[in-house]
Amino acid sequence: MSDPITRVSGRAIPLRGNDIDTDRIIPARFMKAITFDGLGQYAFYDVRFDAAGAEKQHVMNDPRFQAKGPRIAIVNKNFGCGSSREHAPQAMLRWGVKAIVGESFADIFFGNCVALGLPCVTASESDVAALLAAVEEDPTHDLVLDIDAQTANYRGKVYKVSLPAGTRTQLLEGTWDATRILLQAAEQVRETAKRLPYTSGFKA
């Protein structure tokens, strides 16, 4: 099992816009690395930098949102749509994003985030709008996301958030990393494989 994720706290980063796709989150040309190490520097690269590598005006380049430590992204509708590349949540995670609050998420992106222990919770359109405005007005406070209570707290104001019951259980129990659980059960997997005819050459 992995560490349970019951609460995430960090400075908020407002990423406004509907239908932000995975190609915008991590351009395809940066997906050539063998590992995901260092992928965070390329998160939202084409909207953050011009062809010469100079910074554009973008919230991720704004000094007000450059606080060190974990971040919680606030997004709008259908975040993470487009291709199924798992590099997108990997890039966000390695840039420092530890959770995402949004109106809605693309299904595959959502699943890829859960597999990394990166909670994606939804809130109403009005609450997301209020939270975005509050953070843009004063980004000097931590946003506190409580997975168990399903709330987000910013500057003393509490917003209701939600996530599927199964996902919430996985995060709270530390069973969100399916690969780790499989590896920890390696002996049981081998024993099961011995009993399956198609893995034992159909021998009695």
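**Entry 1: the E5–E6 hairpin**

I looked up the hairpin of E5 and E6 and found 4 residues between the two strands, with Gln150 in the turn at a positive phi of about 60 degrees. The model is predicted: I took local features only at pLDDT of at least 70 and side-chain atom pairs only at pLDDT 80 or more, while totals for chains, interfaces and linings use all residues. Residues are numbered from 1 along each chain as its sequence is written, and side-chain values use heavy atoms, with hydrogens and water left out.

I use helix for a DSSP run of H or I of at least four residues and strand for a run of E of at least two, both numbered from the N terminus. Two strands count as paired if DSSP finds at least two bridges between them. Strand E5 (residues 142-146) pairs with E6 in the antiparallel sense over 4 bridges. Opposite Asp146 I find Thr151 in E6.

I then checked Asp148, which sits in the loop between E5 and E6. Its relative accessible area is 44%, so I list Asp148 as partly exposed; the scale is buried under 20%, exposed over 50% and partly exposed in between, with a 1.4 Å probe and protein chains only. Leaving out residues up to four places away in sequence, Asp148 touches Thr6, Arg168 and Leu172, where contact means heavy atoms within 4.5 Å. Thr6 is 142 residues away along the chain, yet the C-alpha atoms of Asp148 and Thr6 are separated by 5.9 Å.

**Entry 2**

Which residues of E6 are on its covered face, and which on its uncovered one? In strand E6 (residues 151-154) I find Ala152 and Tyr154 on the covered face, and Thr151 and Asn153 on the uncovered face. In a regular strand the side chains alternate between the two faces of the sheet.

E6 is also joined to strand E7 (residues 157-160) by 4 bridges, and the two run antiparallel. Tyr154 has Lys157 of E7 as its bridge partner. The hairpin of E6 and E7 has 2 residues between the strands, and Arg155 takes a positive phi near 55 degrees there.

Strand E2 (residues 71-75) and E3 run parallel and are joined by 4 bridges. I noted Arg71 with Val97 in E3 as its bridge partner. E3 is largely enclosed by the rest of the structure, because 5 of its 6 residues are buried.

For H3 the count is 7 buried residues of 9, so this helix too is largely enclosed by the rest of the structure. The buried ones are His87, Ala88, Pro89, Gln90, Ala91, Met92 and Trp95. They pack against strand E1 (7-15), H1, helix H2 (45-48), E2, E3 and H4. Just after H3 I find Gly96 with a positive phi of about 130 degrees.

In helix H4 (residues 107-114) I list Phe109, Phe110, Asn112, Cys113 and Val114 as buried. Their cover includes helix H1 (22-25), helix H3 (87-95), strand E3 (97-102), strand E4 (120-122) and helix H6 (165-173).

I looked up the largest nonpolar core next, and it has 56 residues. Such a core is a set of buried Ala, Val, Leu, Ile, Met, Phe, Trp, Tyr and Cys residues joined through side-chain atoms within 4.5 Å. The residues with the most contacts inside the largest core are Leu15, Phe79, Met92, Ile100, Phe109, Leu143 and Leu145. Helix H5 (residues 125-137) gives the largest share of this core, 5 residues.

What does Met92 touch, not counting residues up to four places away in sequence? I find Leu15, Ile25, Ala73, Phe79, Val97, Ile100 and Phe109.

**Entry 2: two loop residues**

Asp19 is in the loop between E1 and H1. It is not a glycine, but its phi is positive, near 60 degrees. At a relative accessible area of 43%, Asp19 is partly exposed.

Asn78 is in the loop between E2 and H3. Its phi is positive at about 55 degrees, again in a residue that is not a glycine. I list Asn78 as partly exposed, at 28% relative accessibility.

**Entry 3: whole protein**

I count 8 helices and 7 strands in the protein. The C-alpha trace spans about 70 × 45 × 25 Å along its principal axes. Of the 204 residues, 41% are buried. Among contacts with a separation of 6 or more, 66% are between residues 24 or more positions apart.
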